[in-house]
Amino acid sequence: TLREALARFVAAIGGTALPPRWSLGYANTAMALADVPDAQARIREFLGNAERDGFPLSSFHFGSGYTSRGKQRYVFTWNHDKFPEPRALLADFAKAGVRTVANLKPCLLDDHPAYAQLAADGAFIRDDAGPCLEQFWDGWGAHLDFTREGDRAWWQSKLQEQVLDIGIDVGWNDNNEYELWGERAACDGFGKEKLPMARARPLQPLLMTRATYDQQALSKPDERVYTVTRAGPPGLQRWAQTWSGDNSTSWHTMRWNQRMALTMSLSGMFNTGHDIGGFDGPVPDAEMLIRWTQACCLVPRMIMNSWKADGSVNSPWLHAEATAPIRAAVALRLKLMPYLYTQMWRAATEHLPVLRPTFFDFGDDDPATWADNDEMMVGPDLLAAPVFEPGARKRSVYLPRTPQGWFDWWTGAHHNGGQTVEVTAPLHRLPLFVRGGAIVPTTDTPNDHARTEEPSRALLWFPGRQGDDAARLYEDDGLRPVDAPDRHVVHRFAAQAHAARLNLSLASSGTWALPYKQIRVVLPAGETRKLELTTSGAVTLVA
């Protein structure tokens, strides 16, 4: 089956890294913020906006402008005219509980301070004449060769010295497609045999990303590693998250980014996302930015990233009338964080995609799910139906055939499966449905100030008329490595729906000290059947 084939493929290419939970929070960046002459002040102002509004910003990504002089970029350097006190700025982010990520590039321009010595030492992708120079960011430069031990060692030492030691948490591996086209360009080949670039092109970004990953692991051995890469072959999911690249601002792009996420997921890249609002092109209007945020509020990587010719920044504050709906979309994500984090755990342990076309779960029994559509499953239980048309306040949704039908997340209305329904789609709300019988873990307190770390738990059960169902909830501290049972707990829920009663039981494994003692069970409005709860262990189910 499709499910089995995908799981076998992902297992064969090394599985998926479970990211730290904070990386699933809302993130923001913009090239313009790091490119301006007063970049440090502008970025501090951005953080101040989040602090002023109590906006749940989980991480901020520094564009490569922190290394730029004019339009040229010099990896592992800081422009201290623009960033006079980077350590102080990063300390402000750390104090606010916001993680930081820094853009990294694998090419050194030929006037980079380290270029001459590295070239003399035999570094870089080379041909018969020496380092292969290619045009790169308004200059000429050579790419580091990550099959060569000396290049890897230099990269990791500078990553530590100029990024991690300064206070940045994460390396963001960018512009690493290795577009070198010289016919005689070759890599060191790990000191054994020269490897032509035509064969090694996808290998280089993979090794670059792994070098970043390994150094971060060495720098903070008690933390789970999170990295980002723009390029790489199958296998990159062992080390990093990726995204759909520099997209353009349009409704068309928004729709096809979602298709792209689904095909990436079917290709084994489960931890992915898009630049909300479009990276380049025109500035998105308020409606488009709201709808794009909703479309991305349940994908693993949720970030606004942009470069606009007029210096505008895609952010929750770009349009005053959009701020509240954007925050509401982020709040939905944070409420569903226990569910989303559990799906990431299942991606890591069972090789199951988080984002799925409807035919992934329902195609065997419902041929209609193979028809072209704009729906997306998030895990096995949630069906998201984003709006991809301007001015639309309704949309048609095909609900796959399933024994217990579907519930509207917002209204609780029940619909039979195997039919197309028209639903209201007000501007402030993502159309969202829950599979009948599903047991969806959420937070129990609407406290987005806690970001991804809200410890309260509720269990939203959507029972059908009759039938059995099951679910799991994975818990850990969201940060430490998880290779020992005393570092996580797995809750297993079993449910039975009968004509006059509902039974729900909980069994748990693992010995990690949970931050809560109870999980509240919530049923749809109007449900009158008697609820019987059975628990054992330290956590109690309560109605």
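## Aromatic residues in a predicted model

W137 is partly exposed, with a relative accessible area of 24%. This residue belongs to the loop that joins β9 (134–135) and β10 (140–143). In general, most residues other than glycine have a negative phi. The model described here is predicted.

A positive phi also occurs at F76, where the angle is near 65 degrees. F76 lies in the loop between β4 and α4. With a relative accessibility of 5%, F76 counts as buried because the limit for that class is under 20%.

The structure holds 23 aromatic pairs. One of them joins F62 and F83 in a tilted arrangement, with 6.2 Å from centre to centre and 45 degrees between the planes. The pair links distant parts of the chain: F62 is in strand β2 (residues 57–62), F83 is in the loop between β4 (72–73) and α4 (86–95), and the two are 21 residues apart. F62 is buried, at 0% relative accessibility. F83 is likewise buried, at 0% relative accessibility. Both residues are members of one aromatic cluster, which also includes Y26, F46, F55, F60, Y66, W78, F93 and W317.

Arginine side chains also lie over aromatic rings, as the table shows for R21 and R259.

| Arginine | Aromatic residue | Distance to ring centre |
|---|---|---|
| R21 | Y341 | 5.0 Å |
| R259 | W256 | 4.5 Å |

Terms used: Residues numbered from 1 in each chain as written. Predicted model: local features only at pLDDT ≥ 70, side-chain atom pairs only at ≥ 80, totals over all residues. Heavy atoms only, no water. Phe/Tyr/Trp six-rings, centres within 6.5 Å; stacked < 30°, edge-to-face > 60°. Helix = DSSP H or I, 4+ residues; strand = E, 2+ residues; numbered from the N terminus. Buried < 20%, exposed > 50% of the residue type's maximum accessible area, 1.4 Å probe, protein only. Lys NZ or Arg CZ within 6 Å of the ring centre and 35° of its normal.
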